[in-house]
Amino acid sequence: MRGFDLEPMTPVTAKILGPLLSGIDPWARYAYTGGALTTFLAGEEAGAPRFAIKVDRVIAGAVGIRNNWLRGPYLQFLGILPAYQSHGIGGSILDWIEAEARNTDAQNLWVVASEFNARAMSFYERHGFSRIATLTDLVVEGSCEVLLRKRLVAV
């Protein structure tokens, strides 16, 4: 796995990432514009930090987390640029989120993935997430999103 750094998202970095991420699924399929993703990534919300992922000081993607969502954090956004995919970065990001969650005694990790995005679904399931619910027409009419949870406490 390649090493990476997380840095707080800046408007400049969001402006670079927005158009790049809009060209890959699920955002491309849902016709999210670069401007819309830039606005989201640059946004600031209490309890919902956004970070730039950098590899060797080069922008490789973005991650956004909503803290304290149903007894644990919700991975609101994970986008890794194609050149940096399949290098273990996504798995390491999940490990980091889990470690942070365990430090706060969280009981769950949450994420939503597009049902059509088999690669994302497989990724989250390989990392211990289970399908909890299918949400129809959540993002786009006629499309389904899947809510996944990873339990952090013994059942």
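Reader: How much space lies in the largest pocket?
Author: About 1,100 Å³. Keep in mind that this is a predicted model.

Reader: How many residues line the largest pocket, and which lie nearest its centre?
Author: The lining has 41 residues. Pro-26, Trp-27, Leu-78, Ala-120 and Tyr-124 lie nearest the centre.

Reader: Which element gives the largest share of that lining?
Author: Strand E4, residues 74-80. E4 supplies seven residues. Other elements that each give at least two include helix H2 (34-42), helix H3 (89-103) and strand E7 (144-151).

Reader: And by class, what is in the lining of the largest pocket?
Author: 26 nonpolar residues, 11 polar and four charged.

Reader: OK, the second largest pocket. How much space there?
Author: About 230 Å³. It is lined by 15 residues, and Asn-67, Pro-73, Glu-100, Ala-101 and Thr-104 are the closest to its centre.

Reader: Which helix gives the most to the lining of the second largest pocket?
Author: H3, with four residues. By class, that lining divides into eight nonpolar, four polar and three charged.

Reader: Switching to helices. At what angle do H1 and H2 pack?
Author: About 140°, with the axes 7 Å apart. H1 covers residues 11-21.

Reader: Is the crossing of H1 and H2 left-handed or right-handed?
Author: Right-handed.

Reader: Which residues of H1 and H2 make the contact?
Author: From H1, Pro-11, Ala-14, Lys-15, Leu-17, Gly-18, Pro-19 and Leu-21. From H2, Gly-34, Leu-37, Thr-38, Leu-41 and Ala-42.

Reader: What classes are in that contact of H1 with H2?
Author: Eight nonpolar residues, three polar and one charged.

Key: Residues are numbered from 1 along each chain as its sequence is written. This is a predicted model: local features need pLDDT of at least 70, side-chain atom pairs count only at pLDDT 80 or more; totals for chains, interfaces and linings use all residues. Side-chain values use heavy atoms; hydrogens and water are left out. On a 1 Å grid over the protein atoms alone, a cavity is a set of points where a 1.4 Å probe fits but cannot get out, and a pocket is an open set with protein on both sides within 12 Å along at least five of seven lines; lining residues have an atom within 4 Å of a point. Grid points are joined across faces, edges and corners, and a volume is the space filled by probe spheres set on the points. Ala, Val, Leu, Ile, Met, Phe, Trp, Tyr, Cys and Pro count as nonpolar, Asp, Glu, Lys and Arg as charged, and the others, Gly among them, as polar. Axes are lines fitted to C-alpha atoms, for helices over the stretch in contact, and angles run from 0 to 180 degrees between N-to-C directions. A crossing is left-handed if the near helix is turned anticlockwise from the far one by less than a right angle, and right-handed if clockwise. Contact means heavy atoms within 4.5 Å.
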